[in-house]
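Colleague: Please take a close look at one helix here. Then set it beside other parts of the model.

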Amino acid sequence: MTSIASNESDWYNSRRQSFGALIVSFESVDKLQQTLVSEVFHYARDRKKAAGRALGTLVEIVTYYLLNSWELRNALTIERSLPEYRNPDITHNVEFSSHPILHQEEFEIDCEKLPLSFARLRKSCSLLDSLPKAEQRNNHLLGSDLRLRNGCTLGETENAIICGHIDKICGQKYGVLVTKLHEHPYAMFECKRVGVEEGQKKGPQTIEKAKQGAYVASSVSSLQKYRMPDGDLGGLLHSSDGTPEHGRFLDMLRRVLDSDDHDLLSEFTMTVGVVSNHGNWFTSDNPNKELQVLAQSYDWLIFFTDQGLSEFINRLLLKPIPKLQAAREAFLESYKANKKNNRFTKVKIDVKADQALKDFFVEYESEVESWFNVISPAGLPLSELRQELEKLRDKPWNEILR
């Protein structure tokens, strides 16, 4: 763990020249926050808090559209409650969860008639038309104000979730995708960021957020962690008859990922944490306890670097590029004085901003991936996480779960 800070410094130096004149060097996210305070949130009563909340939203936005560029969006739900393993009385909300796709339908619908409500969508979708009234949800996939609901829940059955997505805008029509997802996710993602109060070295909620994230990561999956006598992490699984099987954690994780066995996969959830630095998770001299707690609790912990966040904010706000113009307008509209509705969150976002972000993250995919460092499992590249998620996505889930 002592190499984390030096890795961040090496990464920063290697990436500093990227994208030429668009880069503005910030000593830390705190400096970046102060820039937002003066450039964007000068009107707010508590300008630093407003900028801090916006930074948290940006971390979530980047995570969501990174997953979209990995072609995982169709399986995602947002802010859904996940039950603990074999303890369904306790549930935990997580930013994103990725579920087996059991069925999907694509169709087009006119742009002119809004909102895109359940009633409108069901006329073009047999999956929705056959859904009993008690299982329908009257969420609008796209409102009359052109705010899109990402991962829009259109229905819920006893063991499945039905979600709607807008794939693209085709002239005067929207391309819509409706997916039926199994209720138990094969992966979950949480974003953790804490600000620093003026005059303090550490955010007051840092350790509490670390403990919360660690507890959730340790409790939602059938693959459980324990500490071995040599200090390494072990993994424990139970078969359907309760027989325990254990070994080194990474070996057990790979066994699950390589399997199509119902007993191994039906209650397994890969846990992924995304953390951003604000002088909380580690210092230049010593990694903080909070980061170490998270690193041993999540299956994967990835670090969204200061420079990565700075690069994104440059392109979006400070030195905007044309490709992100619609996203910039939605952000500024959402954070101006006397705003009415936020048009730039992971849940609800301006439909043109959504298209702009999707295009940007696909075009700059390799650059965006370079904004992240893998903290754990130590020594593995981000591409390995992507491959593992794709492997889970592409399993024959209808056969496995029947």
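Modeller: Helices are DSSP runs of H or I with at least four residues, strands are runs of E with at least two, and both are numbered from the N terminus. The model is predicted: local features need pLDDT of at least 70, side-chain atom pairs count only at pLDDT 80 or more, and totals for chains, interfaces and linings use all residues. Residues are numbered from 1 along each chain as its sequence is written, and side-chain values use heavy atoms, with hydrogens and water left out.

Start with H3, residues 47–69. Its 23 residues reach 33 Å from first C-alpha to last, close to the 33 Å expected. The expected span is 1.5 Å times one less than the number of residues. Just after H3, Glu71 takes a positive phi of about 60°.

Now H10, residues 306–318. Among the buried residues are Asp306, Glu311 and Arg315.

Last, a strand residue. Arg147 lies in S4, residues 147–149. Arg147 is buried, at 15% relative accessible area. Its side chain reaches the backbone oxygen of Asn342 at 3.1 Å. Beyond neighbours within four places in sequence, Arg147 has contacts (heavy atoms within 4.5 Å) including Leu141, Asn342 and Asp350.

Terms used. Buried < 20%, exposed > 50% of the residue type's maximum accessible area, 1.4 Å probe, protein only. Polar contact = N/O pair within 3.5 Å; in protein donor to acceptor, adjacent residues only side chain to side chain.
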